[in-house]
Amino acid sequence: MFLRESRCFYKFCKTCPLSFVNINSVCLPLISRTMREVKVKGSSSLCNLGAVGESNIQESVSVSEDRRCSSSSVKSTPELEKKYVHHVYDAIAPHFSSTRFAKWPKVATFLNSLPSGSLVLDAGCGNGKYFGLNPNCFFLGCDISPPLIKICADRGHEVLVADAVNLPYRTGYGDAAISIAVLHHLSTENRRKKAIEELVRVVKKGGLVLITVWAVEQEDRSLVTKWTPLSEKYVEEWIGPGSPRIRSPSSSTLESIPETEEHGVGDHVKKSKERLTDKLWESLCLTSQSEDNSVVSEDEKTINDQQEYFVPWHLPYHRAEVSGASASALANGLAKKDDKKGAVVYSRYYHVFTAGELERLVSDMDNAVVVDRFYDKSNWCIILEKTSS
């Protein structure tokens, strides 16, 4: 019964000429399960079909099945993202939302430049802070986090729960799309590329897509000292087909970076890490020691190669959900207590982008071109235009 209802809802989202779906306490759990938890039936047997090597299967059929297996793999959420993105934002949603109200000027400029009557699709809308920024446009949003979507719905926005790599809008539906600070939460290159392809797919020919992601080159260098490079324990969870190049495992672990900033041993370790980070950043500013700029320092290679981090979020004890999400996270080791700060500390997964990385992800797309690129507030940003249907 549940699967039949889920398919009906999904079919409605794909075909309805106006996919305005209000989320309420009745349909939110259904949509959440539909978009996040129900796996593609038969995907494992489908992928195993080619492995048995039956002689009576034509090669063309085998190629078709391989493509379907690959697509299914890209849409399957890695455990790393489930634990350190989805579960985290579900737990911190109200507190996170209370900190997200300022509009980035470049995003506002983009939205205000759109023609009157434009339909804007916000993929990864969070608490919907950009909805209505241009009063002459219509906004639809989606996000992977049901609690954030509920916040949007309670504010009267048209939203639903959906994954960035499988947007619930039909092809060519919107006039523009935005993805603000979302792609850096996807843990493989294939998933990031798929998310961009989805953004382009759902807009009309000539439609624009704005994408922003966190940059390796952070303006506030002190922030980096508070981030934890992925340790060898977690690397196994995300390295695979389509992942970034394999990097040397970091010697740092979650436990090696203190969450407190009190004077004493923790403060000494923090200052040592700050000095190390300052040294790395200073090395980026030094002039190359050879005329052809071919010599690159080891420190520069280290900081450029490190792109996978856990970024802490301190949820104050008094903001911890009554539902017990924080208690569950603590019990499962997905968060830890910081009594000195009176907070539950969550770790959010981030893949921070290097200069030109976004452009490389879209370099082989035949239906979109980059019309603008810029660096803004420690973010790399691009604007794409869809060139063909």
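Reply: The part to begin with is the loop between strand 4 (174-180) and helix 8, where A181 is found. The model is a predicted one. Phi of A181 is near 55°, which is a positive value in a residue other than glycine. Is A181 buried, exposed or in between? Its relative accessible area is 24%; buried requires under 20% and exposed over 50%, so A181 counts as partly exposed.

S378 can be set beside it. Phi of S378 is near 65°, again a positive value in a residue other than glycine. S378 is found in the loop between strand 10 (368-376) and strand 11. With a relative accessible area of 9%, S378 is under the 20% limit and is therefore buried.

Helix 8 and strand 11 lead on to the core. The largest nonpolar core has 33 residues, and those with the most contacts inside it are L121, Y169, L183, I196, I211, L358 and L384. Helix 8 (189-201) and strand 11 (379-386) are among the elements that give two or more residues to this core. The others are strand 1 (119-123), strand 2 (138-143), strand 5 (203-214) and helix 14 (357-361). In general, nonpolar side chains of soluble globular proteins tend to be buried together.

I211 shows how these pieces meet. Leaving out residues up to four places away in sequence, I211 touches S179, L183, I196, L199, L358, W380, C381, I382 and L384. Of these, I196 and L199 fall within helix 8, L358 within helix 14, and W380, C381, I382 and L384 within strand 11.

Aromatic rings are the last topic. The model has nine aromatic pairs. One of them joins F131 and F139, with 6.1 Å centre to centre and 50° between the planes, and is tilted. Both F131 and F139 are buried. W214 and Y350 form a stacked pair, with 4.0 Å centre to centre and 20° between the planes. This pair links distant parts of the chain, since W214 is in strand 5 and Y350 is in strand 9 (residues 343-351), 136 residues apart. Both W214 and Y350 are buried.

Methods:
Residues numbered from 1 in each chain as written. Predicted model: local features only at pLDDT ≥ 70, side-chain atom pairs only at ≥ 80, totals over all residues. Heavy atoms only, no water. Core = buried A, V, L, I, M, F, W, Y, C linked by side-chain atoms within 4.5 Å. Buried < 20%, exposed > 50% of the residue type's maximum accessible area, 1.4 Å probe, protein only. Helix = DSSP H or I, 4+ residues; strand = E, 2+ residues; numbered from the N terminus. Contact = heavy atoms within 4.5 Å. Phe/Tyr/Trp six-rings, centres within 6.5 Å; stacked < 30°, edge-to-face > 60°.
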